[in-house]
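Please open the model in your viewer and keep the selection panel at hand. The stops below proceed from one set of strands to another.

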Amino acid sequence: MIDWIGQVNWMQILFNWGIVVVKLIVLIIIYLIVKSIGQRAIHKAFERKHNQENSVKDDTISLGRKKTLQSIASNIFSYFLLFVFLGIVFELFGLDIKALLAGAGIIGLAIGFGAQGLVSDVVTGFFILLEKQIDVDDYVTLAGYDGIVEEIGLRTTKLRGFDGTLYYIPNREIGSVSNHSRGNMQALVDIAITCDTNIDEAIRTMQQACDTFALTENAIIEGPDVLGVESFDSSNVVLRVICKTKNMEQWNIERKLRKVLKEVLDEIKSD
Amino acid sequence: MIDWIGQVNWMQILFNWGIVVVKLIVLIIIYLIVKSIGQRAIHKAFERKHNQENSVKDDTISLGRKKTLQSIASNIFSYFLLFVFLGIVFELFGLDIKALLAGAGIIGLAIGFGAQGLVSDVVTGFFILLEKQIDVDDYVTLAGYDGIVEEIGLRTTKLRGFDGTLYYIPNREIGSVSNHSRGNMQALVDIAITCDTNIDEAIRTMQQACDTFALTENAIIEGPDVLGVESFDSSNVVLRVICKTKNMEQWNIERKLRKVLKEVLDEIKSD
Amino acid sequence: MIDWIGQVNWMQILFNWGIVVVKLIVLIIIYLIVKSIGQRAIHKAFERKHNQENSVKDDTISLGRKKTLQSIASNIFSYFLLFVFLGIVFELFGLDIKALLAGAGIIGLAIGFGAQGLVSDVVTGFFILLEKQIDVDDYVTLAGYDGIVEEIGLRTTKLRGFDGTLYYIPNREIGSVSNHSRGNMQALVDIAITCDTNIDEAIRTMQQACDTFALTENAIIEGPDVLGVESFDSSNVVLRVICKTKNMEQWNIERKLRKVLKEVLDEIKSD
Amino acid sequence: MIDWIGQVNWMQILFNWGIVVVKLIVLIIIYLIVKSIGQRAIHKAFERKHNQENSVKDDTISLGRKKTLQSIASNIFSYFLLFVFLGIVFELFGLDIKALLAGAGIIGLAIGFGAQGLVSDVVTGFFILLEKQIDVDDYVTLAGYDGIVEEIGLRTTKLRGFDGTLYYIPNREIGSVSNHSRGNMQALVDIAITCDTNIDEAIRTMQQACDTFALTENAIIEGPDVLGVESFDSSNVVLRVICKTKNMEQWNIERKLRKVLKEVLDEIKSD
Amino acid sequence: MIDWIGQVNWMQILFNWGIVVVKLIVLIIIYLIVKSIGQRAIHKAFERKHNQENSVKDDTISLGRKKTLQSIASNIFSYFLLFVFLGIVFELFGLDIKALLAGAGIIGLAIGFGAQGLVSDVVTGFFILLEKQIDVDDYVTLAGYDGIVEEIGLRTTKLRGFDGTLYYIPNREIGSVSNHSRGNMQALVDIAITCDTNIDEAIRTMQQACDTFALTENAIIEGPDVLGVESFDSSNVVLRVICKTKNMEQWNIERKLRKVLKEVLDEIKSD
Amino acid sequence: MIDWIGQVNWMQILFNWGIVVVKLIVLIIIYLIVKSIGQRAIHKAFERKHNQENSVKDDTISLGRKKTLQSIASNIFSYFLLFVFLGIVFELFGLDIKALLAGAGIIGLAIGFGAQGLVSDVVTGFFILLEKQIDVDDYVTLAGYDGIVEEIGLRTTKLRGFDGTLYYIPNREIGSVSNHSRGNMQALVDIAITCDTNIDEAIRTMQQACDTFALTENAIIEGPDVLGVESFDSSNVVLRVICKTKNMEQWNIERKLRKVLKEVLDEIKSD
Amino acid sequence: MIDWIGQVNWMQILFNWGIVVVKLIVLIIIYLIVKSIGQRAIHKAFERKHNQENSVKDDTISLGRKKTLQSIASNIFSYFLLFVFLGIVFELFGLDIKALLAGAGIIGLAIGFGAQGLVSDVVTGFFILLEKQIDVDDYVTLAGYDGIVEEIGLRTTKLRGFDGTLYYIPNREIGSVSNHSRGNMQALVDIAITCDTNIDEAIRTMQQACDTFALTENAIIEGPDVLGVESFDSSNVVLRVICKTKNMEQWNIERKLRKVLKEVLDEIKSD
């Protein structure tokens, strides 16, 4: 900025700053245009997906989910764009953003590792919401805990256990999800009869009792069937009975089925 | 700084230093403005959140929590800003902060890995406070330890175990939190009756005893119910009784319920 | 852009911008050509592979698989090319894309670690599809869960468990795949006979019963064979019977075989 | 340093070296000032903290701890400052410290990974001292080992096990600390009575024996209480007795309590 | 490219481009020579190794293996060379390939971590092939699965389990390989005799039965030997019998041996 | 090195090389001085530490340890200094050592990871020697192996197990060290007496036998004490006896104590 | 290379290329000298070590080991030197090897991680050879597998298991080595005698039988000793007998000892 004659060249300085200002204005305009286009694209993409999906289903839950997901996508886009914009502005004024950030590296690395779990939580949470793996009030098994889903957050999911305990599960700890509230369930009862009982007759009597029982219970989808000999040893023969039931009714049906079969067994013995 | 004639160009040097001083002053002003705006924004954000949340609840605990969280957020912001400011100042004087920090890299990397656990502690602790996953005096299960929460710190959480042991748990070891002090609990008693007892009658008698018991105990929210046959083998039929109780009263109710049901069983047998 | 006389050299500026524009046009042309060639190459590669593979097999499933795989390969190629193109354009305008991206480093590193699981899901999912390790309706064991495959996605695979539970398994958790629906299965029954029974005779009688049984069951591929003495102790001699069956019929055959052998055993004893 | 006429410009060289010397002197002065201020700040911070904490407690232990902690903080500060100072000096003489250190990278990386455990030890040790999680002569459980603390070092903690073994535990292996020497402990005895004993009477008799026992033992803080029926099966009813005792007296009280209750039980039976 | 008079210096530009073209041609020639030499070296290395190894053995399998391995080595060499060539060409045209690739860093890092497993598969697969650790139709234990090898791929190895299940095992999950099809196997039978039997006589009788048995079975390599008393308790003395058999015949021999020894034992008792 | 008139400026070249030579000589002098000072400092530090420590103890072992440790410290210092020196020399000749080393990066990274375990071994070995955690002939538990220490190396430690096996344990696998040869050990014997024995009398008789036994054994430091009732069930009451013994005599004392107490018990019964 | 008058300065170009050629020649000479010196140093180091070690021992095995180790060291040195040499040559021609290699980064990183296991194998294998931890025909336990060592390679070690299985163990999976073929082994037999036997007499009789037995067996190094009462319960007293034997004879001695002691016990009972 000082020529070799040693005089300050004011015209040059003004010219340089003029270029900087022009570049800045152009940058801001580009930034605003890109941001606006991006936001609209995100909005339309979710709108379209929402319309396709929800022509049939219950609308209120999916609306809430749509809003949450759209807001996340929109936020990530905004922050990234802002970051890039600020970086270019810094560079325009001759400040090397790289140096500053490399300077922030030691802190950054440590935080990065520490916050890694946080990001992992959010990414997993995002996909749990997007793929609708669990819903509030579903009965699920997550990270080794059984319970009813109370809340699905981006960072933690809350389960209410059978004994009343409230579990806060960081999403990153959720690997495979076992959702027990998607479709009909199977009730399964194993019955041990003594070795000297006639197997054919026992199966026949039990199947009759099962058929009678199926008529009285409308939680049963597919009547209890006696499958056959599951295993046997020197004193007992174990027979297996299975039965398809409405969701969440499987334990109740199992308990009732056990009672019915116990009474049938007592009859067989007393014969 | 020396022209090609070989003479020191004092004017140029003065001019250069003048620019540096002007830049420095501008920097300090910008630094102070950004810091002040940031601090206020943090303060207002917490104020607003505090007002929304605590219109109903007990005010003293949440006030303490608010202060802790606000102080953390404010500190992180201040240190980051200071770091960036110092980086730009170093650069102004022609010192390459990057080189120094890269030089500090071997030490930094080692410390970074070592301190990683520390950061992980603080991040987890921050979210435990923010999401109110545990409170002092809650009965919780953390990292495999059962106990009453004595103190929730940013680095460690202190639990007092049932046998009087004090557990210091680094927050990073806290994954899923099992909080047993959020809402009513379930008491559960499994009773084995002999095989030849009439199941229907046994259930009826036990239910009567349960109903009577429920009247005498006001820690019971939802009367003890005999669910049915949980399992059975050649000699015993196991019946399950569950009962919703006030928080922390579940073990007491379970013990009393066991005594009541034991006496009922003795009656049934002696009949 | 300003010569040492201190005047703005407009001609030079125009010339420079001209070069930039020419370079940009050349770049766009190269970009479009490379993209078009790449896409065609991917298309042809899949077409050829498809033709080789599917001359015999059921065409609809493999068509769906081909489309999914081709679309993935095509997308990855497009995004990578676009990224490289944008980088060169940025550089053309004198913006250092490296700096911006290094600036995005802290965020990027954290996201990178977080999203690592996501990429791992997709890579594993891609190979599961490519190598046809599992198909919809196969009975498989994945990541410790048994079930019928309901859906194979790039990120998650859905299994329907025997008890009706729906498992969402992130592909990265799938290591070794146990596919129980590829070829005939083996039914295996271990029978304990008392120590004082004549082993030779027992084996002979059981083999006869097995042969008779094999005639009545057409799910049996290779008749049940009594292998011999698997183990014995002071009171029992255990004999093993195996039998090759049609896929998914193994449990049914096992149950029937157990019943048949139990009845044979009762006969031997009563002799 | 050689003008275009080809002659050595001695004046310029002298001038350059003069600037370097001036810069060096300024650097050393700044270094000494910053070091002195930093050391004082650390000293005062520890002094103040020490005065607040130790107005009441035993002064000798905390004095030792204060000195250890202050010395660590002071050392880390000194080394870091020295490192930065040397880096700037190297740069002043035109040597790129970055290159050297990058050169030392392969060795450094390997050592870094190897020494990582060492740093992790020191960081954990620092916080164990700072938060007073364990003291010499405490009875604790660390990293799966039970014992009395013999020495707390920055790298290793020494425990003397019950059987006389000396455990050297690297601090990094210490996750959660179970300190059994902080406050009163709970003694717990489970007593099985036969099924046909009258529960009410058994509880009453045992409670009387407990009350009598409590009078003779001054290690008991809160008299032994018979809680009730903990569990029962077909032959036994298990009653639980708990009792708050002075620290480290819990096993002794448990042993005596077991003896007392055994004798009470014998009386009940013989009735 | 514009001198300080402000005129475009066409001659200079042409000269520069000329140099670039010359460099490019030299580069391409060097590239082709290096590639051709490298490919030949790889081919010869495999040829020589093949000739040394296979003078004796079965030629068809090792031919297939040779081709697979040579094709891998050749491909890796080609891709690496192409990559280096493209990098130099990019640099020639003044494009900084480093910047682009650093730009591709975030994506690359994520993919790198995700694809890491893939590379690990291929490296392990390469060595399994090279060291001939397993062959098709070997009976092996890999990653916890027992089975007959159906296919050895670079990414996955397929095992057919005993029950008919097909296991797809990613090579990276293969650590130690247990190959049960390399050489003769040992059959091992433990026989418990009652405590009051004379040990010397029992051993003698059993050895005689073993010797007789060995004559009738040609799958036996080294006759069954009664080793002696393996363990004993108050009621039983356990004797161990081992026997070297042809590969895959060990279970059959074990079963027959058990039957023979069982009959001997019955004789001893009945004496 | 060629002025714009196009003539080679020999004087300038000579001058430049002269500066390089001067710098090189200065460097070598500084290198030698720093090396010599560093070596002396290390020597003195070990000398001083040695003198402090070994005024009392057995001198030969600690002398060997001192030499090993000093040699390690001296080596590390030498190699590091040499590396830095070579780096500066390379730079002096205009060779960018960074580039070379970055070039060696792929190999280096792979080796770095592989050699990481080696460094980890040496670091752990260094501290085991420095802190004297184990000595040759100590009876210790390391990495799950019990045995007598035969040799402590920088990379591996050799243990001789009880059954004669020689264990080579890489130092990195040594986490917590259990040293059973530091101080007196505790012998512990649990004795079960039948339920109907008078507890008070049993304890008294056993204590007498213990006292008598203590007189005959001079390996006992603190006489065997009967602590009291450790546990009891419906048929047995378990009493615990502990006893402090000389190091390595604990098992012998335990065996003798068991014999003595067994005989006492027989007496009590026969009464 | 073109002065501001616009003419090609051929003389300058020639001069530049001349310098490059001179530098190249110097480089090659230095390269050859360093390589030759390094190789000789490695050769001498191994020669010297070999002479020291093998003055006594069996020469053929250690010769093979020496050659393998020397060849590895020599190869690593050669490749490293070649790499550095090529890097300097590339730089000489103005090609930035760093850029190319950074370009190869994505591939390199992925391969690096994948090949990491390979390097880890070689490093471990190198030290197993160097420290002679295992020899061919040793009976060892590695990575959980028991067996006789068949081959020790740089990447894998082959074990022949007791049942004939051949284990291929990647060296990286070898942590602690348990070598059962270094020195004498201990045979250990635990004998349970009934509670009412006189302990003193039983020990005396057993010791006599042991002494007699020791005379007949020359595989015994240190006669079997009855240590005393290892444990006892209400029905049995367990006595321990140990005995030092020749290597690999321990199981045989244990079997014979069991037989002898069993017969002694029968005598005691029949008394």
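In which sense do strand 2 (residues 145-152) of chain C and strand 3 of chain C pair, and over how many bridges? They pair in the antiparallel sense, over four bridges. Strands here are DSSP runs (E, at least two residues; helices are H or I, at least four), numbered from the N terminus, and two strands pair if DSSP finds at least two bridges between them.

This is a predicted model, in which local features need pLDDT of at least 70 and side-chain atom pairs count only at pLDDT 80 or more, while totals for chains, interfaces and linings use all residues. Residues are numbered from 1 along each chain as its sequence is written, and chains are lettered from A and ligands numbered from 1 in the order in which they are written.

Select Glu151(C) next; its bridge partner in strand 3 of chain C is Lys158(C).

Now select strand 3 (residues 156-160) of chain C. Four of its five residues are buried, so the strand is largely enclosed by the rest of the structure. A residue is buried if 20 or more other C-beta atoms, placed from the backbone, lie within 10 Å of its own, exposed if 12 or fewer, and partly exposed in between.

Continue to strand 4 (residues 166-170) of chain C, which runs antiparallel to strand 3 of chain C and is joined to it by five bridges. Thr157(C) has Ile169(C) as its bridge partner there. Five residues lie between these two strands in a hairpin, and Gly164(C) in the turn has a positive phi of about 95°.

Finally, move to chain B, where strand 7 (residues 220-232) and strand 8 (residues 236-245) pair in the antiparallel sense over eight bridges. Select Phe232(B) to find its bridge partner Val237(B) in strand 8 of chain B.
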